[in-house]
Amino acid sequence: MTLARCCSEKRILVPLIQSGELVYRHHEDQKVAAISCSECAYVGFQPPSEAELSRYYSEHYGKNSGDWYSMEADYQEAKVTERASHVETIASKYLTEISGLTTMEIGCAFGGTVMELRRRGLNAYGADLNSDAISQGRAGGNEFIFAEPAESVLRDKGESAHIVYAYHALEHIPDVHGFLNSIKTCLADQGVMEFHVPNGAYLKAWKQGFESWNWFAYPDHLHMFSPRSALCLAKTTGLELLDVTSRRCEEPVDWLRRWTGWTSEDVPEILIDNMLEQAMLMDELTMTFCVSGSSLCDQYAQKIEETRQRCLENGRIEKSLRTVR
């Protein structure tokens, strides 16, 4: 079986094996085996059927999440301020103007960030698989979020998006290639797409085991892309990879010392943090794309080539991760 979701080359899907054992996630009394790319650090699962996934999101997703997945949490000032400001940062980095831009959030949940961007003057929309979350957001007065495909929303509105972004949503989509091929047709010529996802090249997961990592989840997270596989993802969907970065997202910096095994006398925490970010081995990966052949692609041709070289070099690091544990 070729790994079309990960690579343009004929690389092979192989079972994910750590410490001589197949790696699984348990779901509804079944063991679901993880798969990985033989040549990079892409890790994922064969997606369930559309009906199974729909039932999971309508009946189970977020139901036992505590405080993190709720209307109140999604509209929390600190959260929406940080995320909306980051969207504006994307605009200021790649686009000539910030005001009047159209944005689309994939996996917008209850719509908190969409509403904040509207407050700041952007023409913001959101889409999500979870119709319950959308219903709650709309009942709270947010009419700019929809429980339907993002490309359908943009077409119905007659809009082209300048920024499409997602905070941990792309990994939930079974057919990522199909989604990107569809949504790119709704992107403006000066358009950017940015996705924050779990990093398949997360060193801790390779060192201590993927099963110990809460972001290694099924059927929630079907894909864990890596820097090298991000380059392949771009190539197979008619996109260009503008940038790819990795950052420490969920763990305090002092935890790095614990799982790397380095004492503070060996290596200062700030140096560990910096080294792992430079090697793109932290838990969160950010991938930024533009459409091949667009004016934005021409404008940032040098940056695209620099990013390509970084990802190719990172491929050697990713392949070596299989020997870590």
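**Exercise 1. Describe the two faces of strand β4 and its pairing with β5.**

Solution. 
- Start with the faces. In this predicted model, strand β4 covers residues 24-27, with Arg25 and His27 on a covered face. Tyr24 and His26 make up the uncovered face.
- Next, find the neighbour. β4 and strand β5 (residues 30-33) run antiparallel, joined by four bridges.
- Pick one bridge. His27 has Gln30 as its partner in β5.
- Finish at the turn. The β4-β5 hairpin has two residues between the strands, and Glu28 takes a positive phi near 50°.

**Exercise 2. Decide whether Gly200 is buried or exposed, and list what it touches.**

Solution. 
- Locate the residue. Gly200 sits in the loop that connects β12 (187-198) with α8 (203-208).
- Apply the cut-off. Buried means under 20% relative accessible area. Gly200 has 0%, so it is buried.
- Collect the contacts, leaving out residues up to four places away in sequence. Gly200 touches Ala41, Val43, Trp206, Phe210, Met224, Phe225 and Ser226.
- Arg155 is 45 residues from Gly200 along the chain, and their C-alpha atoms are separated by 33 Å.

**Exercise 3. Classify the aromatic pairs Tyr56-Tyr57 and Trp206-Phe210.**

Solution. 
- Two values describe a pair of aromatic rings: the distance of the centres and the angle of the planes.
- Recall the cut-off. Planes over 60 degrees apart count as edge-to-face.
- The whole structure holds 15 aromatic pairs.
- Take Trp206 and Phe210. Here the values are 5.1 Å centre to centre and 85° between the planes, again edge-to-face.
- Check burial. Trp206 has 2% relative accessibility and therefore counts as buried. Phe210 has 0%, so Phe210 counts as buried too.
- Widen the view. Trp206 and Phe210 belong to a cluster linked by ring pairs, together with Phe45, Tyr202, Trp213, Trp215, Phe216, Tyr218 and Trp259.

**Exercise 4. Work out how helices α10 and α11 are oriented, and which residues meet.**

Solution. 
- Read the geometry. α10 (residues 253-260) packs on α11 (residues 269-278) at an angle of about 80°, with the axes 9 Å apart.
- Apply the cut-off. Angles of 65 to 115 degrees count as roughly perpendicular. α10 and α11 are therefore roughly perpendicular to each other.
- List the contact. From α10 come Val253, Asp254, Leu256, Arg257, Trp259 and Thr260; from α11, Glu269, Ile272, Asp273 and Leu276.
- Sort by class. The contact of α10 with α11 has five nonpolar, one polar and four charged residues.

Terms used:
Residues are numbered from 1 along each chain as its sequence is written. This is a predicted model: local features need pLDDT of at least 70, side-chain atom pairs count only at pLDDT 80 or more; totals for chains, interfaces and linings use all residues. Side-chain values use heavy atoms; hydrogens and water are left out. Axes are lines fitted to C-alpha atoms, for helices over the stretch in contact, and angles run from 0 to 180 degrees between N-to-C directions. Angles under 35 degrees count as roughly parallel, over 145 as roughly antiparallel, 65 to 115 as roughly perpendicular and the rest as oblique. Contact means heavy atoms within 4.5 Å. Ala, Val, Leu, Ile, Met, Phe, Trp, Tyr, Cys and Pro count as nonpolar, Asp, Glu, Lys and Arg as charged, and the others, Gly among them, as polar. Buried means under 20% relative accessible area, exposed over 50%, partly exposed in between (1.4 Å probe, protein chains only). Two strands pair if DSSP finds at least two bridges between them. Rings of Phe, Tyr and Trp (its six-membered ring) pair if their centres lie within 6.5 Å; planes under 30 degrees apart count as stacked, over 60 as edge-to-face and the rest as tilted.
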